[in-house]
Amino acid sequence: MFSKNNNAQTLWVGLSFLAVGLMLGLLVSGGGSSLGLNNNAVPDEETVAPEVDPDTLEVVDVSIDDDAVLGDVNAPVTIVEFSDFQCPYCRTFYDETLPLLIKNHVETGKVKIIYRDFPLSGHAQANIAAQAAECVGDEQYYAFHDWLFENVSLWSGKTDAQEVMITAAQDNLDVNIRSCLESGEMADEVNADMTAGRGYGVTGTPSFFINGKKLVGAWPYEVFESVIESEL
């Protein structure tokens, strides 16, 4: 029979293993987003990224639809991104990788980027955010795209998210999107993007097609660069 001290120690050890297990579970959970090549694990930048061989990536014939283009429409490399404004990994890509892609490849005329909507069902305000960006229109689409990512704390999880977006579009871009957003005018446009994405095998965000080469997850800049260079 165990003593009281032994029982206490056994309980402490058991709880410690449980805590470790929960932490590991959180590390590999994508919160509903698919963020590995074939699973929900976040890519390990040091060990996984160098193993991405552009020549082995699946190639899919992806349409840019009639969505707004960031960059030179005649750029030789096209990146189609299926994304969700409320997805934390999409925000990671926006913060860490997109600025370098814009500086080194978009502004130099090598790459154009097309953002297509793929709001996940688990993100309650993602669909209305996608509609709001569509309502703004092509000319200022990416300005509002940036605002949504940079100010996610102002609308994500908020019951007045729609009103916040309407006010932001008016105050920052001088664009009135109220009637468009309240009528659901762009709902079909968002749904069309999602249907197209599913047809291309998109199951989570962010998912990218670089001249059709499928790259799933918020990979570091170096991985995108290697795929882009393989297309030039």
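**Disulfide.** I looked up the cysteine pairing and found that Cys135 is joined to Cys180 by a disulfide, with an S to S distance of 2.0 Å, where the term stands for a pair of cysteine sulfur atoms within 2.5 Å. The structure holds one disulfide. I noted that Cys135 belongs to helix H3 (residues 126-136) and Cys180 to helix H7 (residues 178-183), so the bond ties together parts that are 45 residues apart in sequence. Helices here are DSSP runs of H or I with at least four residues, strands are runs of E with at least two, and both are numbered from the N terminus.

**Basis.** I kept in mind that this is a predicted model, in which local features need pLDDT of at least 70 and side-chain atom pairs count only at pLDDT 80 or more, while totals for chains, interfaces and linings use all residues. Residues are numbered from 1 along each chain as its sequence is written, and side-chain values use heavy atoms, with hydrogens and water left out.

**Cysteine burial.** Are Cys135 and Cys180 buried or exposed? Cys135 is buried at 14% relative accessibility, and Cys180 is buried at 9%; buried means under 20% relative accessible area, exposed over 50%, and partly exposed in between, with a 1.4 Å probe and protein chains only. I also checked Cys87, which is buried at 1%, and Cys90, which is buried at 0%.

**H3 against H4.** I followed H3 to helix H4 (residues 141-150) and found that their axes come within 8 Å and cross at roughly 150°. Axes are lines fitted to C-alpha atoms, for helices over the stretch in contact, and angles run from 0 to 180 degrees between N-to-C directions. H3 and H4 are therefore roughly antiparallel, given that angles over 145 degrees count as such, under 35 as roughly parallel, 65 to 115 as roughly perpendicular and the rest as oblique. On the H3 side the contact involves Ala129, Ala132, Ala133, Glu134 and Val136, and on the H4 side Tyr141, Phe144 and Leu148; contact means heavy atoms within 4.5 Å. I then looked at the cover of H4, where seven of its ten residues are buried, among them Tyr142, His145 and Trp147.

**H2 against H9.** Helix H2 (residues 88-106) and helix H9 (residues 221-230) pack at an angle of about 35°, with their axes 9 Å apart. I listed the residues that make this contact, including Phe93, Leu100 and Leu101 of H2 and Tyr221, Phe224 and Ile228 of H9.

**Backbone.** Most residues other than glycine have a negative phi, and most peptide bonds are trans. I found that the peptide bond from Thr205 to Pro206 is cis, with omega near -5°, and that Pro206 is in the loop between helix H8 (187-199) and strand S4 (207-210). Asp65, in the loop between helix H1 (4-28) and strand S1 (69-70), has a positive phi near 55° and is partly exposed at 38% relative accessibility. Asn211, in the loop between S4 and strand S5 (213-216), has a positive phi of about 50° and is partly exposed at 28%.

**Whole protein.** I recorded nine helices and five strands, and buried residues make up 45% of the 232 residues. Among contacts between residues at least 6 apart in sequence, 77% join residues at least 24 apart.
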